[in-house]
Amino acid sequence: MKRMARRFWRNTRGSSLIEMSAGVFVLMLFAIGIAQFASLSIDIDRDGRAIRSGLDLAWQIDEETDTPAPGDIETMARALGVISKLSQGDVYRLHVSVFDADTTGTARLHWQQSAGNRDDYPPSLVELSGGTIFLDGRSFTVEDDEKLIVVEIMRDGHGMTRGEIKHRFGVAYKADPVP
Amino acid sequence: MRGKGIKSLARNTRGGVVLEFALSTLLLLTVLLSTLEFGLEMFVRQSSERAASAAAMEYSTRRSVSETQAALRDSLPVMMYRCSEPLEVRLFDTILGIELAAQDAGRAARDDASDASAVMARVSYTCRWDRLTPLVRGLLGPVFEHEVVVYTRMRD
């Protein structure tokens, strides 16, 4: 038995095959890693573009109405989801919040809507407390001659972030002259 | 005679190294070219994203497709001149009640006075990149098409 084991240890036949399979395995890991990185980078680009477009669309919706209907935000979500290839058929949710300020400069929610192709996603992560707006560890204030627009996109992660809900957002200030 | 010839050929190990070298070189070249192809596609993708965003910003202030097209050309890497298709700009006088996602939503920009009433624009930039490596062409198709769409409100 011991002799057999020694003979097996000394046997070099087939070693290049083992070497090749180990090499292919390592190369495959490299290839998968690069593909994952590329996918993440593409997602970040798309979300960034969708948020920038979303801020401009929300700005315009707010310009045209003070009380947007859910259908208006659904149209916007479809535009960002389909045309900007936000998620390429994956599920996502869009939250739009617009804040203004009263005469004392205290922020208040002007309107908020959400839309998307998945309803069981978390609600907007924007919080309003004591006249200050909080989001993702940052705080924002609003003067009485301006509005704050917040666009958040939540969607399923891809690849190594699969199973996670990715949350990205953008903010923009809009002039709101005091009458 | 024939059986003996085949047997001796099978046992012959002369030239084995050259054969191995040729095979591994072929494999390595394929991997190298595919990696280059992949890197180029990522570069084209990123450049398209940047160029489309810049073009949308440019259009929102200039309100001229031809001027935006010229500015876009200046901002693109020379290697992407051939793959770039003309910018497509659709204009909206209002966005409420309009199915923005539809390809034919709004109206096409005409570079005349009628464009002045638009409050929103959808700027689409497309790059059709011919793939170089036969293996990648075979696997993913001969052309890589990247379309970038950006919405921008018109700035005065």
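In the predicted model, helices α2(A) and α3(A) are roughly antiparallel to each other, because the angle between them, about 155°, is over the 145 degrees that this class requires. Helix α2 of chain A spans residues 15-64 and helix α3 of chain A spans residues 70-83, and where the two pack their axes are 10 Å apart. The crossing of α2(A) and α3(A) has a right-handed sense. On the side of α2(A), the contact is made by A:A50, A:S53, A:G54, A:L57 and A:I61, while α3(A) contributes A:D72, A:M76 and A:L80. By residue class, this contact of α2(A) with α3(A) divides into 5 nonpolar, 2 polar and 1 charged residues.

Chain A also contains an open sheet, formed by 4 strands in the order β2-β1-β6-β7, in which the pairing is antiparallel. Strands β2 (107-116) and β7 of chain A stand at the edges of this sheet, and since each has a single partner strand, one side of each is left without a neighbour in the sheet. Between neighbouring strands the average turn is 15°, with direction ignored. In general, the strands of a sheet pair through backbone hydrogen bonds, in either a parallel or an antiparallel manner.

Strand β6 of chain A, comprising residues 146-156, pairs in the antiparallel sense with strand β1 (residues 92-101) of chain A over 8 bridges, and with strand β7 (residues 165-175) of chain A, again in the antiparallel sense, over 11 bridges. Individual residue pairs illustrate both pairings: A:S97 has A:V150 of β6(A) as its bridge partner, whereas the bridge partner of A:R155 is A:K166 in β7(A), and A:I149 stands opposite A:A172, also in β7(A). Strand β6(A) is mostly covered, with 9 of its 11 residues buried. In a regular strand, the side chains alternate between the two faces of the sheet.

Helix α2(A) lies across β1, β6 and β7 of chain A, and its direction makes an angle of about 140° with β6(A). Helix α3(A), for its part, lies across β1 and β2 of chain A, running at about 60° to β2(A).

Methods
Residues are numbered from 1 along each chain as its sequence is written. Chains are lettered from A and ligands numbered from 1 in the order in which they are written. This is a predicted model: local features need pLDDT of at least 70, side-chain atom pairs count only at pLDDT 80 or more; totals for chains, interfaces and linings use all residues. A residue is buried if 20 or more other C-beta atoms lie within 10 Å of its own, exposed if 12 or fewer, and partly exposed in between; C-beta atoms are placed from the backbone. Two strands pair if DSSP finds at least two bridges between them. Axes are lines fitted to C-alpha atoms, for helices over the stretch in contact, and angles run from 0 to 180 degrees between N-to-C directions. Angles under 35 degrees count as roughly parallel, over 145 as roughly antiparallel, 65 to 115 as roughly perpendicular and the rest as oblique. A crossing is left-handed if the near helix is turned anticlockwise from the far one by less than a right angle, and right-handed if clockwise. Two residues are in contact if their C-beta atoms, placed from the backbone, lie within 7 Å. Ala, Val, Leu, Ile, Met, Phe, Trp, Tyr, Cys and Pro count as nonpolar, Asp, Glu, Lys and Arg as charged, and the others, Gly among them, as polar.
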